[in-house]
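Subject: Structure for you to look at

Hello,

Here is the structure I said I would pass on, with the sequence. My notes on a helix pair and its surroundings follow below it.

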Amino acid sequence: MGYYNLKIRQGDPVGLNAAMTSSNTGKPPDINLRDWNFPAGTLRVLQLTDTHLYANPVGSLLGINTLDSFERVIRHFRDYHWPLDVLLATGDLVHDASPEGYRNLGRILSGFRVPVFCLPGNHDAPPVMREHLRNTGVYTDTVIDHGPWRFVMLDSVIPGEEGGRLAPDQLKQLEEALASTDRHTLVCMHHQPVDVGSLWIDTMAIENPGPLFEIIDRHSNVRGILWGHVHQTFEAKHGDIRLMASPSTCVQFAPRTDDFQVDEEPPGFRLLALLPDGSIRSEVVRTQEMPHGLELASSGY
Ligand SMILES: [Fe+2]
């Protein structure tokens, strides 16, 4: 069975640091993953992020009913008929951090009938999240192996703050996870470990990226770093490691702005194909329509 071994396009250098290139064009380098035939052992992964659900099913964020938008995104994914092996949910899962919100989220995610790995964002309450998702069969572990890949799901939340940090215990678990396997590894977190080019949200990035990249650079098995939080597509590289951020399932933030600006892009998700040789193919997909009621002129959320 053949497959298209397309080369990933390199982006334009923007000087994030000497080892990085960036192509935050909103256009991921791989397209139409649906049409590819992958080699046996490839993991097909769906990332859903920044769902911002509420206890109240009619709860809205910047005018958008977040549950309705989430369900539209899921229906759009199902229209793809892309067989799924793993689902990743990368934080800001429940905006009001309510048990009801997590139970509802868990019910929806477990309906995919594949392993679901979750991590928290700044709007989540990690203990509440873990307690109420665990009962639905969703994994909230830090290190999970699946097929030839290892997933490291880091908690970058600083309680009560919008920005993120990788606490010593998280860095220690990452170090141990990378040192104890030869598996290809995808490292996931909520906050961005590199600037994405929007001043306002880059004040809410991981505040200690140095130790993170020192650990990653000491090992040779990290193939990609994936996050949410920025509500927009971002593509870059750190050496050979692919850096990826993805749209929210509800409201989008405009890229490359100094101040908060809602974007008119529709909600979406990211597909990743994790190949047995350690390479990653990925595509961001958006719904056809904007959800109703978006408050484009909002100055914050
Ligand atoms: Fe968010």
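In this predicted model, helix H2 (residues 99–110) and helix H3 (residues 126–134) have axes that come within 8 Å and cross at roughly 45°. Because angles under 35 degrees count as roughly parallel and 65 to 115 as roughly perpendicular, H2 is oblique to H3. The crossing of the two helices is right-handed.

On the H2 side, the residues that make the contact are Pro-99, Tyr-102, Arg-103 and Gly-106. Their partners in H3 are Val-128, Met-129, His-132 and Leu-133. By type, the contact of H2 with H3 consists of 5 nonpolar, 2 polar and 1 charged residues.

Some more on H2 itself. The helix has 12 residues, and the distance from its first C-alpha to its last is 16 Å, close to the 16 Å expected at 1.5 Å a residue. Its buried residues are Gly-101, Tyr-102, Asn-104, Leu-105, Gly-106 and Leu-109. What covers the buried residues of H2 includes H3, along with strand E5 (86–90) and strand E6 (116–119).

For the chain as a whole, there are 6 helices and 16 strands. Of the 301 residues, 47% are buried. Among contacts with a separation of 6 or more, 72% join residues 24 or more positions apart.

Regards

Terms used:
Residues numbered from 1 in each chain as written. Predicted model: local features only at pLDDT ≥ 70, side-chain atom pairs only at ≥ 80, totals over all residues. Axes fitted to C-alpha atoms, helices over the stretch in contact; angles between N-to-C directions. Helix = DSSP H or I, 4+ residues; strand = E, 2+ residues; numbered from the N terminus. Parallel < 35°, antiparallel > 145°, perpendicular 65-115°, else oblique. Left-handed = near helix turned anticlockwise from the far one by under 90°. Contact = placed C-beta atoms within 7 Å. Nonpolar A, V, L, I, M, F, W, Y, C, P; charged D, E, K, R; others polar. Buried ≥ 20, exposed ≤ 12 C-beta atoms within 10 Å, placed from the backbone. Expected span 1.5 Å × (residues − 1).
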